[in-house]
Amino acid sequence: MADGKYFSTTKKGEIHELKEELASLDRPKKKEAVKKVIAAMTVGKDVSMLFPHVVNCMQTEDLELKKLVYLYLINYAKTQPDLAIMAVNTFVKDSQEPNPLIRALAVRTMGCIRVDKITEYLCDPLQRCLKDDDPYVRKTAAVCVAKLFDINPELVEDRGFLDMLRDMLSDANPMVVANALAALQEIQEISGKEVLQITSHTLFKLLAALNECTEWGQVG
């Protein structure tokens, strides 16, 4: 992404050109256009006027392109909440994709979009991902609950996400257990309430998970 060719000024004619490229049916051309938009964004240029055009690129099987669009979305969703709702259907669809990397990417991005208006729409996909067959998706979803709690604690409690996190402390996968524990600890710090009660059964599960974790999973 360090290519100098992407870092040109976003003049009026250029914006029009980018709109055309973003609407292109040629996937490589579309991806190059999104890269140009992200590059302009990272150097502080305002490319928010391209929001609907970039969001339209979300519906793709190309993981790299999807990551770029999600990055743009995280950056501008707060200033463009009405337009951000356009992305909800794709998030829901992505959270049910056969590819677990796409499901995890969708739920991770959901957790980073701090917009009350679309938070409620994201609860059902998050609920599904917390029970996903793939441990990578489950461990990503666990972290998302803590992010969601920071935005709307009542919603997290009402939807039973805290109980789901507690249940995940008994997950068969040690990394899922580690992330569920980290999420509960973070929620406890934010709320000032005791949301994590360590029973002898829980402690046994945590020690077993810790034993299976890599040294990276044991840090912190």
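This is a predicted model: local features need pLDDT of at least 70, side-chain atom pairs count only at pLDDT 80 or more; totals for chains, interfaces and linings use all residues.

Colleague: What is the mean pLDDT of the protein chain?

Modeller: The mean is 85, and 86% of the residues reach 70 or more. pLDDT is the predictor's confidence in each residue, from 0 to 100.

Colleague: Where does pLDDT stay under 50?

Modeller: One stretch is residues 1–9, with 18 contacts beyond four places in sequence. Another is residues 216–220, with 4 such contacts. Contact means heavy atoms within 4.5 Å.

Colleague: How many helices and strands?

Modeller: The protein chain has 15 helices and 0 strands. Helices (H or I, at least four residues) and strands (E, at least two) are DSSP runs, numbered from the N terminus.

Colleague: How much of the chain is buried?

Modeller: Of its 220 residues, 45% count as buried. Buried means under 20% relative accessible area, exposed means over 50%, and partly exposed is in between, using a 1.4 Å probe and protein chains only.

Colleague: How much space lies in the largest cavity, and what lines it?

Modeller: About 50 Å³. Here a volume is the space filled by probe spheres set on the points, with grid points joined across faces, edges and corners. The lining is Met110, Gly111, Ile113, Thr119, Leu122, Leu126, Cys144, Leu148 and Ile151. Helices α7 (100–112) and α10 (135–151) are the elements that give two or more residues to that lining, and α10 gives the largest share, 3 residues.

Colleague: How does that lining divide by class?

Modeller: It has 7 nonpolar residues, 2 polar and no charged. Ala, Val, Leu, Ile, Met, Phe, Trp, Tyr, Cys and Pro count as nonpolar, Asp, Glu, Lys and Arg as charged, and the others, Gly among them, as polar.

Colleague: And the second largest cavity, which classes line that?

Modeller: Its lining has 2 nonpolar, 3 polar and 5 charged residues. About 40 Å³ of space lies in it. The lining residues include Lys66, Asp94 and Ile102, and helix α6 (residues 88–94) gives the largest share, 3 residues.

Colleague: Is aspartate 94 buried or exposed?

Modeller: Aspartate 94 is buried because its relative accessible area is 1%. It is found in helix α6 and touches Lys66, Tyr70, Ile102, Arg103 and Ala106, not counting residues up to four places away in sequence. Lys66 and Ile102 also line the second largest cavity.

Colleague: Which residues touch the most other members of the largest nonpolar core?

Modeller: Leu50, Tyr72, Phe91, Leu126, Phe161 and Leu165, out of 64 residues in that core. The largest share of this core, 8 residues, comes from α10. A nonpolar core is a set of buried Ala, Val, Leu, Ile, Met, Phe, Trp, Tyr and Cys residues joined through side-chain atoms within 4.5 Å.

Colleague: What does phenylalanine 161 touch?

Modeller: Leaving out residues up to four places away in sequence, Phe161 touches Cys123, Leu126, Gln127, Leu130, Val145, Leu148 and Val156. Among these, Leu126 and Leu148 also line the largest cavity.

Colleague: Last one: where is asparagine 56, and why does it count as exposed?

Modeller: Asparagine 56 lies in the loop between α3 (51–55) and α4 (63–76). It counts as exposed because its relative accessibility is 53%.

Conventions
Residues are numbered from 1 along each chain as its sequence is written. Side-chain values use heavy atoms; hydrogens and water are left out. On a 1 Å grid over the protein atoms alone, a cavity is a set of points where a 1.4 Å probe fits but cannot get out, and a pocket is an open set with protein on both sides within 12 Å along at least five of seven lines; lining residues have an atom within 4 Å of a point.
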